[in-house]
Amino acid sequence: MAFRQPNNKELKVIRKALNYFGSIDFLDKYSILIGESEKKEVYAVSKELSGMIGELNPYYAGVKLGEVGRRFRFSLEGTFWLLKNNRNRLWVNERGEMLFLYGRDIFAGSVEKTTEFGENSIIFVCNKHNDVLGIGRSRYSSDKLASLPEDRVFVENLVDRGEYLRHQKTYLSF
């Protein structure tokens, strides 16, 4: 994978997302690199390391924050580094947490609280400890939650922390 500095258009998209989620100061501490493969992946590396990337030509460097195109799409790792405010968040109870980590959608009855968001928005699903469990897409706006039946899907699971474990192949014994 070849790494390069983001162009002006990509940097504008990244800065807009960082600003929206209260993380614009992230760019003071880390450098952003674009790794081009099938997609334009956004990586964060230390300022010291960013100067050596061109000389070393590594396959991977830093932490993957997401992907950039017309919009910035967070990776799960990126959510831990970049989400500083509570925009587009939803908190679930313990049963909802377990089901979500098993790849299930979030039902209205599992939601403890939400921030304000619209229908079809990207949502960061959190547990009671404010840990981001994954990313989903809302089927309804947050203000319609109270009127929904408890068994209605409120947020569709796009990716969650349990996905890594579900897709690992177990070793063959004997």
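Just after helix α6, Gly-103 takes a positive phi of about 95°. This is a predicted model. The protein chain has 174 residues, and 43% of them count as buried. Its secondary structure comes to seven helices and eleven strands.

**Helix α6**

- Helix α6 covers residues 94-101.
- At its start, a side-chain oxygen of Asn-93 reaches to within 3.3 Å of the backbone nitrogen of Arg-95.
- Which residues of α6 are buried? They are Gly-96, Glu-97, Leu-99 and Phe-100.
- An α-helix has 3.6 residues a turn, so residues three or four places apart point the same way.

**The five-strand sheet**

- Five strands form an open sheet in the order β1-β2-β3-β4-β5, with antiparallel pairing.
- The edge strands are β1 (2-4) and β5 (72-74), and each pairs on one side only.
- From one strand to the next, the twist averages 35°.

- Strand β3 spans residues 40-46.
- Is β3 mostly covered or mostly uncovered? It is mostly covered, with five of its seven residues buried.
- In a regular strand the side chains alternate between the two faces of the sheet.
- On one side, β3 pairs with β2 (residues 30-36) in the antiparallel sense, over seven bridges.
- A hairpin of three residues joins β2 to β3.
- Tyr-30 has Ser-46 as its bridge partner in β3.
- β3 also pairs with β4 (residues 63-68), again antiparallel, through four bridges.
- Ala-44 has Val-63 as its bridge partner in β4.
- Glu-41 stands opposite Glu-67 in β4.

**Salt bridges**

- Side chains of opposite charge can pair when their charged atoms come close.
- How many salt bridges does the count come to? It comes to eight.
- One of them joins Glu-10 and Lys-40, whose closest N and O atoms are 3.4 Å apart.
- This pair links distant parts of the chain: Glu-10 lies in helix α1 (residues 8-20) and Lys-40 in strand β3, 30 residues apart.
- Why does Glu-10 count as buried? Its relative accessibility is 4%, and the cut-off for buried is under 20%.
- Lys-40 is partly exposed, because its relative accessible area is 34%, between the limits of 20% and 50%.
- Another salt bridge joins Arg-73 and Glu-67, with the closest N and O atoms 3.7 Å apart.
- In that pair, Arg-73 counts as partly exposed because its relative accessibility is 40%.
- Glu-67 counts as buried because its relative accessibility is 14%.
- A network of salt bridges links Lys-39, Glu-41, Lys-64, Glu-67 and Arg-73.
- So Glu-41 and Glu-67, which stand opposite each other, both belong to this network, within a sheet where side chains carry the 20% cut-off for burial.
- Lys-128 and Glu-94 meet in a further salt bridge, at 2.9 Å from N to O.
- This pair also links distant parts of the chain. Lys-128 sits in the loop between β9 (122-126) and β10 (132-138), and Glu-94 in helix α6, 34 residues apart.

**Ser-142**

- Where is Ser-142? Its place is in the loop between β10 and β11 (153-160).
- Ser-142 counts as buried because its relative accessibility is 12%.
- Leaving aside neighbours within four places in sequence, Ser-142 is in contact with Thr-114, Thr-115, Glu-116, Phe-117 and Phe-154.

**The whole chain**

- Along its principal axes, the C-alpha trace spans about 55 × 55 × 25 Å.
- Take the contacts with a separation of 6 or more: residues 24 or more positions apart account for 56% of them.
- The protein chain exposes about 10800 Å², and carbon and sulfur atoms supply 49% of that area.

Technical notes. Residues numbered from 1 in each chain as written. Predicted model: local features only at pLDDT ≥ 70, side-chain atom pairs only at ≥ 80, totals over all residues. Heavy atoms only, no water. Buried < 20%, exposed > 50% of the residue type's maximum accessible area, 1.4 Å probe, protein only. Helix = DSSP H or I, 4+ residues; strand = E, 2+ residues; numbered from the N terminus. Pairing = 2+ DSSP bridges. Axes fitted to C-alpha atoms, helices over the stretch in contact; angles between N-to-C directions. Salt bridge = Lys/Arg side-chain N within 4 Å of Asp/Glu carboxyl O. Contact = heavy atoms within 4.5 Å. Polar contact = N/O pair within 3.5 Å; in protein donor to acceptor, adjacent residues only side chain to side chain. Areas by Shrake-Rupley, 256 points an atom, 1.4 Å probe, with all protein chains shown as cover.
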